[in-house]
Amino acid sequence: MNMRMVIMFLFAGTILFSATAKAQRLVFVYANGMYNKPTGKFNDANYNYGFGGEVGAGVGLLSKTFLTGSVGYNSFNNTVSGVSNLKATPIKFGFRQYLFSRILFAKVDAGVAQTKAEGFDGSKSKFTLGAGAGVKLAGLNLGIDYNTINLNEGGQNWIGWLAFKAGFSIGL
């Protein structure tokens with residue numbers, strides 16, 4: 001092989017590798033585990049902590065903006081004897097906006113949640129909202145969200161909690 005051919009081969013390989021490395025993933029899937037800390041009236045009603053999880057996917061709309069959808073499960077512990085724990089199963093859609101080279105992101109979402117606890121009618125869907133921020137490092141997601149559900153029952157209207165999330169995402 002002559003030297004020109006080697007240089008041309010290396011140059012073409014470098015351009016191809018560079019283009020592949022910068023290719024944008026248009027779809028991703030994710031899964032997160034959550035530690036939930038009730039706030040405000042929800043905390044005052046003796047719900048002191050909760051655990052949960054979520055799975056979801058995102059589809060690219062613009063270079064750093066994604067439409068997302070997720071399904072989750074949350075269970076909140078009540079410290080009062082005889083009062084059942086609250087369970088919520090939200091289905092939400094929203095947007096995720098990446099900032100700073102797709103490392104930092106902000107998100108908002110809304111949807112419906114089924115709730116189950118003594119004194120709450122779980123047969124009705126409840127409106128739910130969430131907003132948060134996080135970081136994505138090599139497939140690892142770390143984030144914090146503020147989530148709310150409009151129970152509209154038993155003197156409780158909106159309940160809210162901070163969700164501390166850790167999980168992974170995979171681009172497809």
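**Nonpolar patch and cores**

Reply: In this predicted model, a nonpolar patch on the surface is formed by Leu-26, Val-27, Val-29, Val-59, Phe-168, Ile-170 and Leu-172. Together they have about 610 Å² of accessible area. Two strands, β1 (27-39) and β8 (156-171), each supply at least two residues of the patch. Leu-26 sits in the loop between α1 (3-21) and β1. Leu-26 counts as exposed because its relative accessibility is 55%, over the 50% cut-off.

Now the inside. In soluble globular proteins, nonpolar side chains tend to be buried together. Here the largest nonpolar core has 13 residues. Those with the most contacts inside it are Phe-42, Tyr-47, Phe-76, Leu-86, Ile-149, Ile-159 and Trp-161. β4 (86-99), β7 (140-153) and β8 each give two or more residues to this core. β8 gives the most, with three. A second, separate core has five residues, including Phe-28, Tyr-30, Phe-66 and Tyr-98.

Beyond its neighbours within four places in sequence, Trp-161 is in contact with residues including Asn-36, Phe-42, Asn-74, Phe-76 and Ile-149.

Asn-74 lies in strand β3 (residues 65-78). Asn-74 counts as buried because its relative accessibility is 3%, under the 20% cut-off. The Asn-74 side chain makes a polar contact of 2.9 Å with the side chain of Asn-36. Again leaving aside neighbours within four places in sequence, the contacts of Asn-74 include Met-34, Phe-51, Leu-86, Pro-90 and Trp-161.

Terms used:
Residues numbered from 1 in each chain as written. Predicted model: local features only at pLDDT ≥ 70, side-chain atom pairs only at ≥ 80, totals over all residues. Heavy atoms only, no water. Patch = residues over 30% accessible without salt bridge, like charges linked within 9 Å, V, L, I, M, F, W, Y side chains within 5 Å. Areas by Shrake-Rupley, 256 points an atom, 1.4 Å probe, with all protein chains shown as cover. Salt bridge = Lys/Arg side-chain N within 4 Å of Asp/Glu carboxyl O. Helix = DSSP H or I, 4+ residues; strand = E, 2+ residues; numbered from the N terminus. Buried < 20%, exposed > 50% of the residue type's maximum accessible area, 1.4 Å probe, protein only. Core = buried A, V, L, I, M, F, W, Y, C linked by side-chain atoms within 4.5 Å. Contact = heavy atoms within 4.5 Å. Polar contact = N/O pair within 3.5 Å; in protein donor to acceptor, adjacent residues only side chain to side chain.
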